[in-house]
Amino acid sequence: MVGIVVVSHSAHLAEGVIELARLVSADCPIAAAGGLEDGSFGTSYERIMNAVESVHNEDGTLILMDMGSAVMTTEMVLEDLNYENIRMADCPVVEGAIAAAAASSGGMTLEETYQEALSAKNVQKF
Amino acid sequence: MDAKKITEILHALSSKIDKEKEFLTELDNVIGDGDHGINMARGFKAVDAKIDTLETEDIGEILRTAGMTLVSTVGGASGPLYGTAFMKAGMTMSKKTQISLSDFLACLNAAVEGVKMRGKSVQGEKTMLDAMIPALEAMNKAIEQGLTSADVLKCGTEAARQGVEYTKTIIATKGRASYLGERSIGHQDPGATSFTNMLEAVYDYITA
């Protein structure tokens, strides 16, 4: 199953998003990388690295980020890891994580999971 | 200038940022998320500790280490941006034990390219690039005119300060400040300001 990582400036937000995603998919490997080690807001290179390592497997990993440093720091982690089957998804974090978790636990490939996450951009709420 | 002096300059950058952290945070409170000064001070404090443990004459290694430390400790956008800047600068100095003024400008050029790449940004978007690029251009011009190191750095810091002033006149289109749109006009960019602070610290060091 494709691993999923949620990167946010806020530890609560990242944890909350993966809690919601687990509701639709209890079994997919998903990890949060939120906030800094000292509990303050920000994005941590080390937390992102650890989260990726904790879920990454032969099916690959999809990463969702909130904004700014979350995106740039994730890019740096991926450059350093240099794995082939990892992608970052430019999508809304909550809707994207739920879509991706459902796709992953449904046995979809990384590419399909990525497309599912991106399709969250066009989900109409009403 | 050798590795020992580069280490001293990095310590000087750190104390300058520490001195300016409240002002930088204040600037960021207005148009960003209010963490620039605190984040930068935390990152440079970690750089302070890290570079003192290095036993190397390789200036490239010192700069790369400073960059990697900023990436892992700053926590905000300035971490990957300044981190990339220092790492790219370090790459131009790989295995070199002496740094000349033209090496320094090559470092700054690599830093500018690194920030553009990492931030997917160009000049005129109310970012640190609006201080970095004019400073680099002014120093390149000054070096062509055969000015002394101190005068070249002086031209650079003046151009950077003007760059900061320019950021007051434009709308932010990158970073958190871009959410403010036109309301970002009238406020100077914290990243352009912290870059200028660093260049001032280099100038103060070489003229002390």
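Mentor: In chain B, helix α3(B) meets helix α4(B). On the α3(B) side, the residues are Gly60(B), Glu61(B), Leu63(B), Arg64(B), Ala66(B), Gly67(B), Met68(B), Leu70(B) and Val71(B). Their counterparts in α4(B) are Gly79(B), Pro80(B), Tyr82(B), Gly83(B), Thr84(B), Ala85(B), Phe86(B), Met87(B), Ala89(B), Gly90(B) and Met91(B). (Two residues are in contact if their C-beta atoms, placed from the backbone, lie within 7 Å; helices are DSSP runs of H or I with at least four residues, strands are runs of E with at least two, and both are numbered from the N terminus.)

The model is predicted, and for that reason local features need pLDDT of at least 70 and side-chain atom pairs count only at pLDDT 80 or more, whereas totals for chains, interfaces and linings use all residues. Residues are numbered from 1 along each chain as its sequence is written, while chains are lettered from A and ligands numbered from 1 in the order of writing.

The geometry of the pair comes next. The axes of α3(B) and α4(B) come within 7 Å and cross at roughly 165° (axes are lines fitted to C-alpha atoms, for helices over the stretch in contact, and angles between N-to-C directions run from 0 to 180 degrees). The two helices are therefore roughly antiparallel, a term for angles over 145 degrees. The crossing of α3(B) past α4(B) is left-handed, meaning that the near helix is turned anticlockwise from the far one by less than a right angle. By class, this contact has 12 nonpolar, six polar and two charged residues (Ala, Val, Leu, Ile, Met, Phe, Trp, Tyr, Cys and Pro are nonpolar; Asp, Glu, Lys and Arg are charged; the others, Gly among them, are polar).

The pair also takes part in the contact between the chains, to which chain B contributes 13 residues and chain A 12 residues. Helices α3 (59–73) and α4 (78–92) of chain B each supply at least two residues of the side that touches chain A. The most comes from α4(B), with three residues. That side of chain B comprises four nonpolar, six polar and three charged residues.

Finally, an unreviewed UniProt entry lists residues 4–204 of chain B as "domain: DhaL"; such positions are given in the numbering used here, with shortened feature names, and annotations may be inferred rather than shown by experiment. This span is 72% helix and 0% strand, and its end C-alpha atoms lie 17 Å apart.

Technical notes:
Parallel < 35°, antiparallel > 145°, perpendicular 65-115°, else oblique.
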